[in-house]
Amino acid sequence: MAKNNNHKAVSYNKWGYIFLIPFVVVYLIFQLVPLISTIYNSFFENYRSGLTQIGPNFVGLANYAKLFQGGDIWIYFKNTMIMWVMGFIPQILVSLLLAAWFSNPSLRLKGQRFFKTVIYLPNLIMASAFAMLFFTLFADGGPINAMLMQSGILKQAYSFFSHAWSARTLVAVLNFLMWFGNTTILLMAGMMGIDSSLYEAAEVDGATSSQIFRTITLPLLRPILIYVMITSLIGGMQMFDVPQILTNGTGDPMRSTMTLIMFLNKHLFSKNYGMGGALSVFLFIITGVLSLIVFRFNKIKD
């Protein structure tokens, strides 16, 4: 009888491996193979100069050395991190507030389904459409400048895209609008999974709402917060479409909105596959290191 049961267990377990086959195949074809190919190309000189194709010639680490010459890459890395932080901080604060409101049964908020749908809708809109909307709204002759001048706040049109911090702020606001709804839904799911008896016991002990949120909700929500922060960091490192459209690919003013992916796009557009591969490897490493730092910093200790 025992042998028969073991045979059945093995027969059932094989279906788990069968269902994993599509994921493994997709991962190998579209992720692992391109990753290995990118690392391989990063060691070669391979670009087009006019109509002449140079390479591929093996150059070792020359592409990496050239990548760090002049320090431009660190400027673009700083720009990327600044705009990500400017968008992430209000995103996580607003999402925590909304998630706490929507998941609190004592508030008895009406129309919750409607508001949940509304706050998630921006996540479904293409970033390029959002960027074009902001490009039109905040143009020198756009409606925002017109309203500010008509109300007497400004005497002349303010060029939002000609000042570093205003341009960065617009990029951060766009990222905030697109992603705070998705973050709110994730945090709500985490809050709804917390045992309600913990809240009831805290209320019986006389704890205030802020104390309950600080001592119960946030500690138990830490795994979700780590997930949100790491995924947001990865998305921030891949920031491209919003600043690309808002600045017409220039990263102006004075390259203050140029991101690492925009820099990578310039190499790929000029068909410099060696430098593009080196920059891709650098992005892969720096993203992994930052994600590991975030995870270790927020790791729950026994």
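This is a predicted model: local features need pLDDT of at least 70, side-chain atom pairs count only at pLDDT 80 or more; totals for chains, interfaces and linings use all residues.
The side chain of Thr 80 has a polar atom 3.3 Å from the backbone nitrogen of Leu 260. Residues are numbered from 1 along each chain as its sequence is written, and side-chain values use heavy atoms, with hydrogens and water left out.

Thr 80 sits in helix α3 (residues 72-103); helices here are DSSP runs of H or I with at least four residues, strands are runs of E with at least two, and both are numbered from the N terminus. Thr 80 counts as buried because its relative accessibility is 0%; buried means under 20% relative accessible area, exposed over 50%, and partly exposed in between, with a 1.4 Å probe and protein chains only. Leaving aside neighbours within four places in sequence, Thr 80 is in contact (heavy atoms within 4.5 Å) with Gly 236, Met 237, Met 239, Thr 259 and Leu 260. Leu 260, with residues up to four places away in sequence not counted, touches Thr 80 and also Ile 73, Tyr 76, Phe 77, Met 237, Leu 279, Phe 282 and Leu 283.

Leu 260 turns up again in the largest nonpolar core, a set of 55 residues. Such a core joins buried Ala, Val, Leu, Ile, Met, Phe, Trp, Tyr and Cys residues through side-chain atoms within 4.5 Å. Leu 67, Met 237, Leu 246 and Leu 260 have the most contacts inside this core. Helix α3 gives the most to it, with 12 residues.

Now for helix α5 (residues 127-137), whose buried residues are Ala 127, Phe 130, Ala 131 and Phe 134. Seen down the axis of α5, they fall within an arc of 100° (taken from the directions from the helix axis to the C-beta atoms), so they line one face of the helix. These buried residues pack against α7 (164-192) and α11 (241-246).

As for confidence, the chain averages a pLDDT (the predictor's confidence in each residue, from 0 to 100) of 88, and 95% of the residues score at least 70. The lowest mean, 80, belongs to helix α1 (residues 2-41), and the highest, 94, to helix α6 (residues 143-150).

Definitions and conventions:
A polar contact is a pair of N or O atoms within 3.5 Å; within protein, one must be able to donate a hydrogen and the other to accept it, and residues adjacent in sequence count only if both atoms are side-chain atoms.
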